[in-house]
Amino acid sequence: MALLNVEDLTIAFPRATPVRGLSFSVNPRETVALVGESGSGKSLTALALLGLLPSGARIASGRVAFAGRDLTALKDRDLRAVRGRDIAMIFQEPMTSLNPVLTLGDQITEVVRLHQGLSRAAAKRRAVELLDLVRIPEPQRRVDEHPHQLSGGMRQRVMIAIAVACSPKLLIADEPTTALDVTIQAQVLDLLDGLRRDLDMALLLITHDLGVVAEWADRVVVMYAGRKVEEAPFAPLFAAPLHPYTRGLLNASPRLEEGHHHSLGPLLEIPGSIASAAAETGCAFAPRCPLVRAACRTRVPEPMAAADDHSVACPVTFTRESEHGLAVG
Amino acid sequence: MALLSVENLRAHYRDGGATLRAVDDVSFQIAAGETVGLVGESGCGKSTLGKTLLRLVNPTSGRILFDGQEVGGLSERALRQYRRSVQMVFQDPFASLNPRHTVAEILGGPLAVHGVGDRKSRIGQTQDALDRVGLPRDALKRYPHEFSGGQRQRLGIARALILQPRLVICDEPVSALDLSIQAQILNLLSRMKADLGLSYLFISHDLSVVRYFADRVLVMYLGRIVESGSWRSLWSRPLHPYTRALIDAVPNPTRRRHAAPLSGDLPSPRQIPSGCRFHPRCPLATARCQVEEPISRAVGDGQTVACHHADLSPIH
């Protein structure tokens, strides 16, 4: 059974609906990536899962079922008990998420005292253990330091220590390595994946970085302008993407392991920008889509199953692929 | 002759009691029509190097030659001419465009400062500049906040090109942009280079982008260039352990969930390690590396490497 089940989630502001009819699930111990560029609604989705939407935004419809319970129906008090204990979250910029006037120890012990009722001394011992768990050298000494004394990578490790303090079943990581240098990014991803295995935790990875997705995700949900346009395990998604937007992204991104160079030809662009989605009554990607048909401009396409675990919200490529499949088969 | 030639350039800052050696004995050249990529992590000095070339930061020592002329000895007037020939495109186009100026003022400003043409011809030139970067002419009356991130970077490029420079220093020009917009801007920069015969110094932390865009690559670590080479040789035969680690650290779908290549943090540029500055993180480091700084040596095919043990490392 899925650990997290998001069904038909719609998030609305008074004059905008940035997430519409989003459904996806996360299984225990699985890494699911929610991929999209700015304006896709991926970060807002993460906040909605934890009941942390900014003021003005609300869940207009849909369910967020976690271990069988609908989180959207919980009272604030009950939701607070889930948050930090069963579901935890880390953000892109660790410095703004850590309190600059408290020691690392203070910030870690707060969580374990609140959720696990540990004594002051036991909580401090636990804080040192947690710093060690996230591979911070000299945890005994570091526990009494303040965030400004740490590098960006170390701060993100501290955020991770706080997040996993209560052994959550689900960790939501919103662009966890975007602000970090590439060698440090590799360390943090390696750490997150190790913790996922060791603590039997699922990981919901929110990112714009296709490289990170390709290496670390089991399953991928691609979002565009508030809707899911494609969902698949990482291998078919990268080998045989179906949605024109997914294909466009993969074509547009230079990849280190491939041989493409500017002297051999330009990158394949996706024309226009996501801003064009706002005025669209049909498929939000239609204004930028190379395969657009008249019907695309009038009706919003629903995700359709192209294979057991691969869905795509594009009738044009869906039909083509199935015809192709028949012809080959 | 190289368009730009940098010799033993140093840019040091006083920082409290310490000396911050942001650029520490750097030499390289850029040929006319060439794109040189400069990669490195934060604090390696790559942005300071870009600013030093424009004389926005004064070098502590060393020489910068542009077209054979030493930039350090230029008179006020000649320096102005130099800055016309060498322009810059910044990472965050919003922070580098005055929010209270219209596009006409932003693009016309450099022309007026350098006294190019009369008022009427300047308007014509600003319109041409918009055409070149794919923005509509009615953009002239609008303000930066009315544009998307990608459009603002097009404006940044239009402004950099309006004085018809010969060298453009691009400092992380696509790092703040969404993936679907990155390709548009990279292609635009490519077209501009071909159409206008430009050279670029392309500064980026993103190896995949540099892999695609640069003809030659410099790898910088804590103020120094540790390896350089043509794109073909550097990416197929990286020799310095740091270059290899950088390449290994890039997420790669063909090696699922591989271990991080380097442990430990980047040292602070305020406390540069003795000997080879990479030795505390280097898998090949020996006692020699702790005391003796390796000098850059040529290893054929235009490639250089500054490492005592580059030959020992297994072929990548």
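Student: In β9(A), which residue is the bridge partner of Ala33(A)?
Tutor: This model is predicted: local features need pLDDT of at least 70, side-chain atom pairs count only at pLDDT 80 or more, and totals for chains, interfaces and linings use all residues. Residues are numbered from 1 along each chain as its sequence is written, while chains are lettered from A and ligands numbered from 1 in the order in which they are written. Strands β3 (residues 31-35) and β9 (residues 219-224) of chain A run parallel, joined by 4 bridges; strands (E, at least two residues) and helices (H or I, at least four) are DSSP runs, numbered from the N terminus. In β9(A), the partner of Ala33(A) is Val220(A).

Student: How many of the residues of β3(A) are buried?
Tutor: Buried means 20 or more other C-beta atoms within 10 Å of a residue's own; exposed means 12 or fewer, partly exposed lies in between, and C-beta atoms are placed from the backbone. Thr31(A), Ala33(A) and Val35(A) point one way, Val32(A) and Leu34(A) the other, and all are buried. β3(A) is therefore largely enclosed by the rest of the structure, and the count is 5 of the 5.

Student: Which residues does Leu204(A) contact, leaving aside its neighbours within four places in sequence?
Tutor: Leu204(A) is one of the residues with the most contacts inside the largest nonpolar core. Contact means that two C-beta atoms, placed from the backbone, lie within 7 Å. The contacts of Leu204(A) are Val26(A), Val32(A), Leu34(A), Leu170(A) and Ile172(A).

Student: How many residues does that largest nonpolar core have?
Tutor: A nonpolar core is a set of buried Ala, Val, Leu, Ile, Met, Phe, Trp, Tyr and Cys residues joined through C-beta atoms within 7 Å. Those with the most contacts inside the largest one include Ala161(A), Leu201(B) and Phe202(B). Domain 1 (4-217) and domain 2 (245-255 + 270-328) of chain A both give residues to this core, so it lies between them.

Student: How far apart are the C-alpha centres of the two domains of chain A?
Tutor: Chain A is divided into domain 1 and domain 2. These bounds come from an automatic or database domain assignment. The centres lie apart by 31 Å.

Student: Is Pro100(A) buried or exposed?
Tutor: Pro100(A) sits in the loop between α3 (94-97) and α4 (104-116) of chain A. Leaving aside neighbours within four places in sequence, it is in contact with His146(A), Pro147(A) and His148(A). With 9 other C-beta atoms within 10 Å, Pro100(A) is exposed.

Student: Which element gives the most residues to the side of chain B that touches chain A?
Tutor: The contact takes 40 residues from chain B and 37 residues from chain A. On the chain B side, the elements giving two or more residues are α6 (179-196), α7 (207-213) and α9 (241-249). With 9 residues, the most comes from α6(B).

Student: In the hairpin of β9(B) and β10(B), which residue takes a positive phi?
Tutor: Strands β9 (residues 216-221) and β10 (residues 224-230) of chain B pair antiparallel over 6 bridges. Val219(B) has Glu227(B) as its bridge partner in β10(B). The hairpin has 2 residues between the strands, and the positive phi, near 45 degrees, belongs to Leu222(B).

Student: Which residue in β9(B) is the bridge partner of Val36(B)?
Tutor: β9(B) is largely enclosed by the rest of the structure, because 6 of its 6 residues are buried. Strand β3 (residues 35-39) of chain B pairs with β9(B) in the parallel sense over 4 bridges. The partner of Val36(B) is Arg216(B).

Student: In what order do the 4 strands of the open sheet in chain B stand?
Tutor: The pairing in this sheet is antiparallel. The edge strands, each pairing on one side only, are β2 (18-30) and β5 (69-70) of chain B. The order is β2-β1-β4-β5.

Student: Which helices of chain B do the buried residues of α3(B) pack against?
Tutor: α3(B) covers residues 103-113, and its buried residues include Val103(B), Ile106(B) and Leu107(B). Gly115(B), with a positive phi near 60 degrees, follows this helix. The buried residues of α3(B) pack against α4 (119-133) and α5 (149-161).

Conventions:
Pairing = 2+ DSSP bridges.
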